[in-house]
Amino acid sequence: MSMYKTLIRPIFFSLSPERSHHLALGMLDGLRKIPGIASLMKGMYRHEKPVELMGLKFPNRVGLAAGFDKNAEYIHALNHVGFGFIEIGTVTPKPQSGNPTPRLFRLPKDQALINRMGFNNDGLDAVVERLKKRPKNLIIGGNIGKNKVTANEDATSDYLKCLEALHPFVDYFTVNVSSPNTPGLRELQEKEPLTNLLRTLQQTNRAMPNPKPMLLKIAPDMEEGQLSDIVDILHEVDLEGIIATNTTISRDGLKTDNTEIESIGAGGLSGRPVKDVSTKVVKYLAEKGQGRFVIIASGGIFTPEGGHGGSPRHRSDAARAGRKGRCHAAHLAADRTEAGPIAAQRSGSCRRPPACGTRAR
Ligand SMILES: Cc1cc2nc3c(=O)[nH]c(=O)nc-3n(C[C@H](O)[C@H](O)[C@H](O)COP(=O)(O)O)c2cc1C
């Protein structure tokens, strides 16, 4: 058994998931400040399998999904553990504390989490200040959203504020309309409001001196008709890509006892149980999109290859699903139950380029 499973995981699991997350990231940040450690880590976790997508040169295809470093506090530490890109956020214009704790729950039997964080973040000003000192050799995506107190009718103004303030400091944008934890947010995924929102954002972006690639992040809980609308909208507003998917509100097929699930209550489910449903969405988008936009897979990715273990040569389902698309990039999110509090440990443990199972088309 690895030292992680016998020693480190029990310590982290004795703490609340949120505390252990911040503790682990704080430790990583402390470690990289010890002279010599940063370059050692960089050497250990270096994964070079470059790919050029959306005009950006990614060192490899495995990135860190939004929600792990919402406030860009740990970008310097995370830059040393092998990710091809890091997505900060979701950032909202004003700081907000999110939902009351507890709001993050482990489901070890399912290798999953349920969260109802509710876009807790330090707000634009604080995040911009941190990004001014960002590492230059790292691709950073800015995941943007609206404040809870902002009505959906005024949401565009919140997204615009985020776009404009973050524009000089990030390499791409993700428009997040798919969190289940901000009341009414997912209504912005409907055809008309979504088209209007994305068109306004893209027009503003393209009018700026150095336009950035813009992606949409969607929920896995969508009917085929809705997904088909999304593909049409992507074409109509000429978006560069899509991230599929966010967490699910479904609780189907879980091994965890039903009474425990019910006692946890509302929130988005992530981890292993999301893999099949998000892979299905990736497959649909890849077939329907015919390679006209970039697809970043997110949901249940546990290994650098994008699958759930097995041989490093194993081509993941997500990668297979994306084959008909122009490209596929895996998005390793915050898996805190299997791989441990630091998702990068998992990609590092492969000792191969994280993108070894995926391929551009
Ligand atoms: C604790 C937690 C917080 C998250 N916060 C955000 C967020 O702020 N914005 C966002 O777009 N996605 C957020 N997500 C969703 C992840 O980015 C990812 O899309 C989702 O968890 C599916 O990937 P996974 O199964 O690998 O975790 C969050 C997920 C978790 C577990």
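**Ground rules.** I number residues from 1 along each chain as its sequence is written. Since the model is predicted, I take local features only at pLDDT of at least 70 and side-chain atom pairs only at pLDDT 80 or more, while totals for chains, interfaces and linings use all residues.

**Entry 1: strand 4.** I took helices (H or I, at least four residues) and strands (E, at least two) as DSSP runs, numbered from the N terminus. How many residues of strand 4 are buried? I found seven of seven in this strand, residues 85–91; buried means 20 or more other C-beta atoms within 10 Å of a residue's own, exposed means 12 or fewer, partly exposed lies in between, and C-beta atoms are placed from the backbone.

Next I looked up its partners, calling two strands paired if DSSP finds at least two bridges between them. Strand 3 (residues 63–64) pairs with strand 4 in the parallel sense over two bridges, and I86 is the bridge partner of L64. Strand 7 (residues 140–144) also runs parallel to strand 4, joined to it by five bridges; there I saw V91 opposite I144.

Entry 2: I then turned to three strands in the order 5-6-11, with antiparallel pairing. Strand 5 (104–107) and strand 11 (268–271) are at the edges with a single partner strand each, so one side of each has no neighbour in the sheet. The twist from one strand to the next averages 25 degrees, with axes as lines fitted to C-alpha atoms (for helices over the stretch in contact) and angles from 0 to 180 degrees between N-to-C directions. Four bridges link strand 6 (residues 112–115) to strand 11, and A112 faces G271.

**Entry 3: two helices.** I compared end-to-end spans with expectation, which is 1.5 Å times one less than the number of residues. Helix 8 (residues 224–237) has 14 residues and reaches 20 Å between its first and last C-alpha, close to the expected 20 Å. Just after helix 8, D238 has a positive phi of about 60 degrees.

Helix 10 (residues 275–289) has 15 residues, so it should span 21 Å, and its end C-alpha atoms, 20 Å apart, agree. Its buried residues include K275, K283 and G289. Just after helix 10, Q290 takes a positive phi of about 50 degrees.

**Entry 4: the core.** Which residues have the most contacts inside the largest nonpolar core? I noted V175, L215, I242, A244 and I295, in a core of 77 residues; such a core is a set of buried Ala, Val, Leu, Ile, Met, Phe, Trp, Tyr and Cys residues joined through C-beta atoms within 7 Å. Leaving aside neighbours within four places in sequence, I242 is in contact (C-beta atoms, placed from the backbone, within 7 Å) with residues including L215, L234, L285 and I295.

Terms used. Contact = placed C-beta atoms within 7 Å.
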